[in-house]
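Here's a quick tour of one structure, taking a helix and then a ligand site. Have the sequence and the 3D view open as you read.

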Amino acid sequence: MSMEYKEDDFLLLSGIQHFSFCRRQWALIHIEQQWQENLRTIEGEILHEKAHDNSIKEKRGDLIISRGMAIFSRSLGLTGTCDIVELYKDPKGVNIFGMEGTYKPVPVEYKRGKPKEDDSDVLQLCAQAMCLEEMLLCDIPEAFLFYGETKRRLKVMLNDELRDRVKVIVKEMHELYDRRYTPKVKLSKSCKACSLTDICIPRLCKNLSVESYIKKNLLEVDE
Ligand code: SF4
């Protein structure tokens, strides 16, 4: 039988995007909880996620749109919310929380900006779908990312390779969390776009300003 996590050991699903951006950033946020003024965005995201516990449903013909659905997975040990789950009436679908008929669920994650160079959004979306599959006992072969800046929907095929990557990442998140271990600084291009440089880098090099540290080191860093 596959392992199941207890609720107390669930991690926030939103951490997947931090973890795939930089493991240390994830640990600073999710293990050490280094809240700072400049972390409002991240903090807001997580509080928003925790605050959502009732989904709001809207009906458009045969489509029901559920917003802010609370999701979890015992096999992954994750909890979070789906921005949108579109529920399409389908005879081959599944029952949804006592609603009449059967439906095919399709998660849609909204992002303010544009598609990122890395695949953190795709991994997060795949993890959401995996939670829904476990909760609703169904298969979700595809899902969508919607980007506010480009106003486009991007279809994401949830193949085995992507699912395996989610499982590997989540397993590593749990291992680090159990050890309360924050990985060491690993300079990369991500550092230039990281909202935690003020916390992360001065620890490494106390006598140097962040700006000069970045100039001195990061500009020489490749991929
Ligand atoms: S500054 Fe770099 S190493 Fe530190 S948390 Fe950010 S991305 Fe990670």
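Start with helix 5, residues 160–179: it has 20 residues and reaches 29 Å from its first C-alpha to its last, close to the 28 Å expected at 1.5 Å a residue. Bear in mind that this is a predicted model.

So which residues of helix 5 are buried? They are Val166, Ile169, Val170, Met173 and Leu176. Looking down the axis of helix 5, you'd see these buried residues fall within an arc of 125°, so they line one face of the helix.

| Side of helix 5 | Residues |
|---|---|
| Buried | Val166, Ile169, Val170, Met173, Leu176 |
| Exposed, turned away from the buried side | Asp160, Glu161, Asp164, Val168, Glu175, Asp178, Arg179 |

As for what covers the buried residues of helix 5, the list includes strand 1 (11–12), helix 1 (15–21), helix 2, strand 4 (78–94) and helix 4 (120–136). Just past the end of helix 5, Arg180 takes a positive phi of about 50°.

Now for the ligand. Of the 13 residues around the ligand, Cys22, Gln25, Cys191, Cys194 and Cys200 come nearest. Helix 2 (23–30) and helix 6 (197–204) are the elements that give two or more residues to this shell. Sorted by class, the shell has eight nonpolar, three polar and two charged residues.

Where does the ligand lie relative to domain 1 (7–183) and domain 2 (186–223)? Both domains give residues to the shell around the ligand, so it lies between them.

Technical notes: Residues are numbered from 1 along each chain as its sequence is written. This is a predicted model: local features need pLDDT of at least 70, side-chain atom pairs count only at pLDDT 80 or more; totals for chains, interfaces and linings use all residues. A residue is near a molecule or strand if its C-beta atom, placed from the backbone, lies within 6 Å of it. Helices (H or I, at least four residues) and strands (E, at least two) are DSSP runs, numbered from the N terminus. Ala, Val, Leu, Ile, Met, Phe, Trp, Tyr, Cys and Pro count as nonpolar, Asp, Glu, Lys and Arg as charged, and the others, Gly among them, as polar. Domain bounds come from an automatic or database domain assignment. The expected span of a helix is 1.5 Å times one less than its number of residues. A residue is buried if 20 or more other C-beta atoms lie within 10 Å of its own, exposed if 12 or fewer, and partly exposed in between; C-beta atoms are placed from the backbone. The arc is that of the directions from the helix axis to the C-beta atoms. Two residues are in contact if their C-beta atoms, placed from the backbone, lie within 7 Å.
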